[in-house]
Amino acid sequence: MREVEVGYGSNESIGGGATRPGAVPLRRCSISKVAESSSISWRTTAVSFSNGEWASYPALVFLILDKLLEPIDHVRFAAVCKKWRSMSKLYNQATQRWHNKQLLPMLLIPNQDKDNDRRVLYSISEGRIYNNIQLQVPFKRRCSGSCHGWFATVDPTDQGVVTVTLRNPFTNANPIYLPPLNANVSVHQPSYFEHYVPKVILSTDPTLNPENYVVVALYRCWFELAFIKAGQNSWTYVNPAGTSYGDVIFYKSQLYAVTSFGAIGTLDVYGSDSNNPSQPPSIKLLTPRKPFRSYCLHAYLVELTKGDLLHILRYYVPKDGAFRFCNRQTLGFAVYKWVLNDEEGGGSIAHKVEVKSIGDEALFVGDNHSISVLASNFPGCQSNSIYYADDFLSASPLADGDEANDMGIFNLEDGTITQHYSVKTNTQRAIWVVPPFNGLC
């Protein structure tokens, strides 16, 4: 039995002599020389091969596949020929590398060829753009949501009404065309109709649960709340009308929402009678109306990998001394954890706790459904950090401007901000997405 080291060492170099950031420790893969019965031991999983199988599937292929950091590279490897696909399947069965595992988000960015309907992906772990993989996600200025591999795009109709379409460019799933949504688009800003549906999230992947999913939308310029269940013909508008929300998340089988004042509330979208428009459902507040002494312009709700519910506050400052909204940039973030009091049975919130460190977690926020991953699982991903995209929306984009240029990585330990992708001045917004992938099994 001989030992072969697998993975990136701390000083491994890449093209041009540069050192790969965030390298992971070497792993050891046991490769037997015994012809009668051989096995590959990978972490805690072992797969046995017969003598003939060793000739067909050399262990070297496993070493190569381990070097491919993105799931999309594994798909491309498997697409070369039948034998390579078989090797990829054996690798996934042996390592369980992608099985039911949280994947690292990628950044959907504008196509440099100026094709308004096609986008490309940027990998933060590799620091490169996948120009040869173009995705059909048609939007003019911004995508209104990314969740479970699906994107929400908005199209105008008339009299302030818009239609929301769900698309999954990673699969052959048909687009889902949702009923008209009364977004009250201003007649003075008709070209900014996408701003009137700032975020759309899904309770689950419609491909896996075509009869049992819920779509939730923040809509209108002050971000009210509406939802629609699979198979329904109209949206349900949540009471009280006029309440402004900052973000929404499905957490512990309930919809949680944060108001513009920082209050947290829940809504049972599954059990509510959405067919009775005379009695629209209402948000149940679980906190005081203004739980923060000083709040912010922008906030997110995200669930950590260990199950905690975090409340992320994003702060801005004027850029270059200008006080117009378009010339703002992110100053930093504050993180709080809401502690649920489950003893009372009502899911009430007992208190909030300021969080100074999220440890090995990395958060991804923006127009997408907020995401948390364990950074140590992904080379190049910074722990205890918040990866953010530009999702700021001015109430007067014609006057303030609407250029997307505020993206970066905020380190919670020292408060520094670095860049993950330097976007050129462009009105098309980038958005985080997790390509659906569960291994080639």
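## Salt bridges on the chain

Let's start with arginine 128, which is partly exposed at 33% relative accessibility (partly exposed sits between buried, under 20% relative accessible area, and exposed, over 50%, with a 1.4 Å probe and protein chains only). Its salt-bridge partner is glutamate 126, and their closest N and O atoms are 3.7 Å apart. A salt bridge here is a side-chain nitrogen of Lys or Arg within 4 Å of a carboxyl oxygen of Asp or Glu. Glutamate 126 is partly exposed too, with a relative accessible area of 24%. Bear in mind that this is a predicted model: local features need pLDDT of at least 70, side-chain atom pairs count only at pLDDT 80 or more, and totals for chains, interfaces and linings use all residues. Residues are numbered from 1 along each chain as its sequence is written, and side-chain values use heavy atoms, leaving out hydrogens and water.

How many salt bridges does the rule give? The count comes to 9. One of them joins aspartate 367 to arginine 142, at 2.7 Å from N to O. This pair ties together parts that are 225 residues apart in sequence, because aspartate 367 lies in the loop between strand 25 (361-365) and strand 26 (371-374), while arginine 142 lies in the loop between strand 7 (128-136) and strand 8 (146-147). Strands, by the way, are DSSP runs of E with at least two residues, helices are runs of H or I with at least four, and both are numbered from the N terminus. Aspartate 367 and arginine 142 are both buried. Elsewhere, Arg314, Asp391 and Asp406 are linked in a salt-bridge network.

## Around the strand 14 to strand 15 loop

Cysteine 221 sits in the loop between strand 14 (214-219) and strand 15 (224-229). Is cysteine 221 buried or partly exposed? Its relative accessibility is 40%, so cysteine 221 counts as partly exposed. Leucine 393 is 172 residues away from cysteine 221 along the chain, yet their C-alpha atoms are separated by 9.0 Å.

Phenylalanine 223 belongs to this loop as well, and has a positive phi, near 60°, despite not being glycine. Glutamate 224 and arginine 220 meet in a salt bridge of 3.4 Å, N to O. With a relative accessibility of 4%, glutamate 224 counts as buried.

## Another positive phi

Serine 253 is a further non-glycine residue with a positive phi, about 65°. For background, most residues other than glycine have a negative phi. You'll find serine 253 in the loop between strand 17 (245-251) and strand 18 (254-259). Serine 253 is exposed, with a relative accessible area of 60%.

Two strands pair if DSSP finds at least two bridges between them. Alanine 362 stands opposite serine 385 in strand 27.

A second open sheet has 4 strands in the order 7-6-5-30, and its pairing is antiparallel. Its edges are strand 7 and strand 30 (431-433), which each pair on one side only. From one strand to the next, the twist averages 40°. (Angles run from 0 to 180 degrees between N-to-C directions; axes are lines fitted to C-alpha atoms, for helices over the stretch in contact.) Strand 6 (residues 118-123) pairs with strand 7 over 5 bridges, in the antiparallel sense. Arginine 119 has leucine 135 in strand 7 as its bridge partner.

## Helices

Helix 3 (residues 71-78) lies across strand 6 and strand 7, at about 75° to strand 7. Helix 4 (residues 82-95) has 14 residues and reaches 20 Å from its first C-alpha to its last. That is close to the expected 20 Å at 1.5 Å a residue, where the expected span is 1.5 Å times one less than the number of residues. The buried residues of helix 4 are Met87, Ser88, Leu90, Tyr91, Asn92, Ala94 and Thr95.

The chain averages a pLDDT of 79, and 75% of the residues score at least 70; pLDDT is the predictor's confidence in each residue, from 0 to 100. Which residues stay under 50? Residues 1-55 do, although the model has 103 contacts for them beyond four places in sequence (contact means heavy atoms within 4.5 Å). Where pLDDT is low, the predicted coordinates should not be read in detail.
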